[in-house]
Amino acid sequence: MVDVSQRHPARATRLRPVGDGELELRYRVVHGYRRAFRMAGEGPVLVLIHGIGDSSATWAELIPDLARTHTVIAPDLLGHGASDKPRADYSVAAYANGVRDLLTTLGVESATLVGHSLGGGVAMQFAYQFPERTERLVLVSAGGVGREVNPALRLVSLPGAHLALSALRLPGMRLHVGLVVGLMRLLDTDLGQDAPELLTLVDALPDDTSRNAFIRTLRAVVDWRGQVVTMLDRCYLTAGMPTLLLWGDRDSVVPVRHAYGAHEAMPGSRLEIFEGAGHFPFHSDPARFRDLIEEFTSTTAPADWSRDRWRALLREGRPVNHAAGLSDQAVRELREASERSAT
């Protein structure tokens, strides 16, 4: 049972070693499906939520350091990694429910959520659905801000995507993909910044079950026009929620301009840009990423929501003059939000 009864805005640094056994995958069966996760450390709870096609392994190098001062929980989302991959609901709302249920089985009542890419959308959705269980938000290259997304993901959302992904498993294809990715890196393209992660994604889809889960997840958030969910229409609800935005300035999957749009729309948020980094800033500069997380969690007080405050915010709605201080791009995104929804 994790003790989350004590909430302090600041704490003395207390370092503890992390054993190798703590980094191994563990499993819990929730609603009949096996959920894989990694859990290490002691102290205030950090939940690390990976992006589409990824797994908790993406955080492996960071977990030991973060776990010296935190209880770190990194799940494999349903349909990803070592978790089951049923024919199921892979929407961001369903993922938020799944994270809540896993945390409940682990005895965790509240936590700071760190979400990358799709995981950022899941973290934001979790905060929207369960504000009383959310202490802070850290959104890393998060989806769900603007419509724009890498064209490759838009293509994979189209009919026939399963055949295209299956072709990547043909003999010799990984070598060809590796050569193309290596060339993009050699030419110093933005997409090339994430070359190792692109190859990992190919390896993460070894069979029909994995590919079907990937496509179902993608189609829940992306179509041929781009991202189909948004958090912009509800960003005003983060007032009072400590929020940190982390982005690479060479992100070719979710452009860095989305970071600035989210920062404008989220009252009191803090934005940190990783120069030269792509879609995985925590891989490009793990030391800075770790330091920012530790500094943010140690110097901000956890959000403390009440039912009365949440009710008042919802009744008041998004301020009418909210768009007055936003950029033209942010205003356009807010208008587009009327066509998209996170629920």
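Predicted model: local features only at pLDDT ≥ 70, side-chain atom pairs only at ≥ 80, totals over all residues.
Leaving aside its neighbours within four places in sequence, L139 is in contact with G115, G120, A123, M124, M231, L244, L245, L246, W247 and M266. L139 is also among the residues with the most contacts inside the largest nonpolar core, alongside V47, I49, V99, L113, L137 and W247. That core has 64 residues.

The average pLDDT of the protein is 81, and 75% of the residues score at least 70. Two stretches call for some caution. Residues 1-14 have a pLDDT below 50, and this stretch has 36 contacts in the model beyond near neighbours in sequence. Residues 321-325 are also below 50, with five such contacts.

Now let your eye move to the sheet. Its eight strands form an open sheet with mixed pairing, in the order β1-β2-β4-β3-β5-β6-β9-β10. In general, the strands of a sheet pair through backbone hydrogen bonds, either parallel or antiparallel. At the edges are β1 (26-30) and β10 (270-274), each of which pairs on one side only. From one strand to the next, the twist averages 25 degrees.

Helix α2 (residues 92-105) lies across β1, β2, β3 (45-49) and β4 (71-75), and runs at about 110 degrees to β1. Helix α9 (residues 257-265) packs on the sheet too, where α9 touches β9 (243-248) and β10. The direction of α9 makes about 170 degrees with that of β10.

One more helix deserves a visit: α3 (residues 118-129). How far apart are the end C-alpha atoms of α3? They are 16 Å apart, which agrees with the 16 Å that its twelve residues should span at 1.5 Å a residue. Is α3 mostly covered or mostly uncovered? It is mostly covered, with ten of its twelve residues buried. Among these buried residues are G120, A123 and M124, three residues that are also in contact with L139, where we began. The elements covering the buried residues of α3 include β3, α2, β5 (111-116), β6 (134-140), α8 (208-221) and α12 (307-316).

Methods: Residues numbered from 1 in each chain as written. Heavy atoms only, no water. pLDDT = per-residue confidence, 0-100. Contact = heavy atoms within 4.5 Å. Core = buried A, V, L, I, M, F, W, Y, C linked by side-chain atoms within 4.5 Å. Buried < 20%, exposed > 50% of the residue type's maximum accessible area, 1.4 Å probe, protein only. Pairing = 2+ DSSP bridges. Helix = DSSP H or I, 4+ residues; strand = E, 2+ residues; numbered from the N terminus. Axes fitted to C-alpha atoms, helices over the stretch in contact; angles between N-to-C directions. Expected span 1.5 Å × (residues − 1).
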